[in-house]
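The following note sets out some points for a colleague to consider alongside the coordinates.

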Amino acid sequence: MGQQCAPLSSTISKNALRRRHPRRALLVGGGALAVEATRLGAGLLLSACGDPSTGGERVVIASRAKSDLAENPVVDNGLGWTIEVTRAELALDHLYYVSGPPAGLAWRPVDLLAIPSAHAHPGHYDSGDVLGELDEAVSIDLLGSEVLLGEGPGVTGQARSAIVALGHLGGEDAALAVVLEGVASQGDVEIPFRAEVAQNSIDNPTSHLPEIDGCPLDDGKIESNGTVLLEVSVAVWLDRIDFAEVSVPGSGMAVLEPGTPPHNAFQRGLVKALGYHFTYSPG
Amino acid sequence: MNAWLAWLSVLGSCVPLVACGSDDQGEGSVVVSVWGEEYIEVGIPAHVFEDGWSVKYDEFLVALGDVTVEKGDGTQGGSLDPLTLFDLTAAGPQSVGSIDGLAEGNWDEFGFSSLEADSEAVRSQSASADDWELMADAGYNVYVAGKASKGEVEKRFAWGFSKPVRYASCVDVRNGQDTSGVVVGDGAEAEAQLTIHGDHLFYDDLASPEAKLRFAVIASADADDDGEVTLEELGAIQLADLSADQGTYGVGAFDVDDMRAFVEAATQSLGHFNGEGHCRPERP
């Protein structure tokens, strides 16, 4: 079980927010008003977790990840292409587990009391309060098996969605948040390809940070230490790419060039919230 | 400290009496109306669009019902069940009905639904017999027809949608504070307006509160250039083919890949409460 909440004046969370998201840090410091409301909760809840609406007990949340490629690296996309993925890496900077429902049409909840009264415009995402996080920059081999990403602080409460903040891959791919290589085939056509997305090209329309928000999080009633499993669906990233529009070189891999329809499709898939499914389990 | 504890003890002993009601408790009503505001009645002017288009609705039909007043603990207050068809281009607010005999106090769960019309649907004065037939035959919950203009260019649209949605847990944000549901006073009539925001159909993001109004992408869907943008033509526009300067067209957690699905999803964010108040959209 979690320990009793105390003021978190120097938590990892606050430091993380200050370091990575200076606008959020202003709020943690109790300052400026000119900051977007949806990020307000991030610092406030974790620095004032005695809020009775949350239960107020501190817990530890382990974060794990796997992808759909681990079981089958071959994806059939929505435009008739079969894609065998040979390399897939994703860089995470931070994960937030928050109280706001996902940015979509909700199923009618069994427990109406469990839903916060404050909502954004209908359909528009409001992250609400941060109930847990992973504050470790990690890169995930999406072809590999399930991995432990790390542990982070949390508080008891009902988490309903998650925010994925993208980070940087290492080495010569340091500017990238994701890289993916493989062979797309349709009939007799085979196109070896490489798709990549620069971390700084991701611009969340609300926060203007390189993050994907409103990702669904199931079974998020946090009452004790537990684990959040992130399941990345690479099939969502690939689903709308028409490889017929990819410029194929004489030899080597075709690169999905930014600004072209195939790359737009890849990048739009990458930022789809449905591509990241989270599940909390206690223990 | 002891005095505080004693006071809290007295206060606590009172709570069950208040919660259970008493013979002396007053009653009031919730008067429900629906309004499409100026954007639906008059039009959406060019200056609120990011790309200079403007929109004028000729018809804005919506089927509304299952209006409920409850308490968060499950106590039922009352409801207006019949699915009723309104044309919101008629001058409003239009009356939906009244839920009477409610105990005074805060009824913190207010909700309503927009459901697919059928032969049981009731027609309000604002909706014609033809409107009713159109909606009931097709099973639409929303139907909009109108035109968009930019300079000399005009594009017409006539779109029917079968995307039922429940707007639950409505929050009143008037007077600078959030109030869940409605507050009923003794002998008073509390106002509950189902406010329909006609501009949401043209938002360029299903998830971001910073969505912009745009029509250019929709106009570009008119593949046969006959001046009318059909839903089928919208379905041919893949979001993946849109560049960043055409709008974000973010989809959040909606499973949406083309402009038809995008606009269909947008219909499920039309419902509001007492003006700018908000509700939680759910599958009904």
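1. Burial. A residue is called buried under 20% relative accessible area, exposed over 50% and partly exposed in between, with a 1.4 Å probe and protein chains only. By that rule C215(A) is buried, because its relative accessibility is 0%. Buried residues make up 53% of the 283 residues in chain A, and 52% of the 284 residues of chain B.

2. Basis of the values. This is a predicted model, in which local features need pLDDT of at least 70 and side-chain atom pairs count only at pLDDT 80 or more, whereas totals for chains, interfaces and linings use all residues. Residues are numbered from 1 along each chain as its sequence is written, chains are lettered from A and ligands numbered from 1 in the order in which they are written, and side-chain values use heavy atoms, with hydrogens and water left out.

3. Overall make-up. Helices (H or I, at least four residues) and strands (E, at least two) are DSSP runs numbered from the N terminus. Chain A has five helices and 16 strands; chain B has six helices and 17 strands. The C-alpha trace of chain B spans about 80 × 50 × 30 Å along its principal axes. Contact is taken as heavy atoms within 4.5 Å. Among contacts with a separation of 6 or more, residues 24 or more positions apart account for 80% in chain A and for 72% in chain B.

4. The disulfide. A disulfide is assigned when two cysteine sulfur atoms lie within 2.5 Å. The search of the whole structure finds one over all chains. It joins C170(B) to C279(B), with an S to S distance of 2.2 Å. Distant parts of the chain are linked in this way: C170(B) belongs to strand β11 (residues 165-172) of chain B and C279(B) to strand β17 (residues 278-282), 109 residues apart. The link between C170(B) and C279(B) is right-handed, with 105° about the S-S bond. C170(B) is buried at 0% relative accessibility, and C279(B) is buried with a relative accessible area of 1%.

5. The interface. In chain B, 45 residues are in contact with 32 residues of chain A. The two chains bury about 3500 Å² between them, 55% of it on carbon and sulfur atoms; buried area is the accessible area (1.4 Å probe) that two parts lose on being put together, summed over both. A salt bridge here is a side-chain nitrogen of Lys or Arg within 4 Å of a carboxyl oxygen of Asp or Glu. Two salt bridges are counted between chain B and chain A. D255(B) forms a salt bridge with K272(A), the closest N and O atoms being 3.9 Å apart. On the side of chain B that touches chain A, the elements giving two or more residues are β11, β16 (271-273) and β17 of chain B. The largest share of that side, five residues, comes from β17(B).

6. Helix α6 of chain B. Seven of the eight residues of α6 (residues 259-266) of chain B are buried, so the helix is largely enclosed by the rest of the structure. The buried residues, among them F262(B) and E264(B), pack against β10 (153-161), α4 (216-220) and α5 (231-235) of chain B.

7. Strand β10 of chain B. F157(B) lies in this strand and is buried, with a relative accessible area of 2%. Leaving aside neighbours within four places in sequence, F157(B) is in contact with residues including V55(B), Y57(B), F202(B) and V229(B).

8. Charged pairs. Over all chains the count comes to 21 salt bridges. How far apart are the closest N and O atoms of R194(A) and E181(A)? They are 2.7 Å apart, and the pair forms a salt bridge. R194(A) is in strand β11 (residues 189-198) of chain A and E181(A) in strand β10 (residues 176-186) of chain A. Both R194(A) and E181(A) are buried. In chain B, D225(B) forms a salt bridge with K155(B), with the closest N and O atoms 3.4 Å apart. D225(B) lies in the loop between α4 and β15 (228-229) of chain B and K155(B) in strand β10 of chain B, so the pair ties together parts that are 70 residues apart in sequence. D225(B) is exposed, with a relative accessible area of 59%, whereas K155(B) is buried at 8%.
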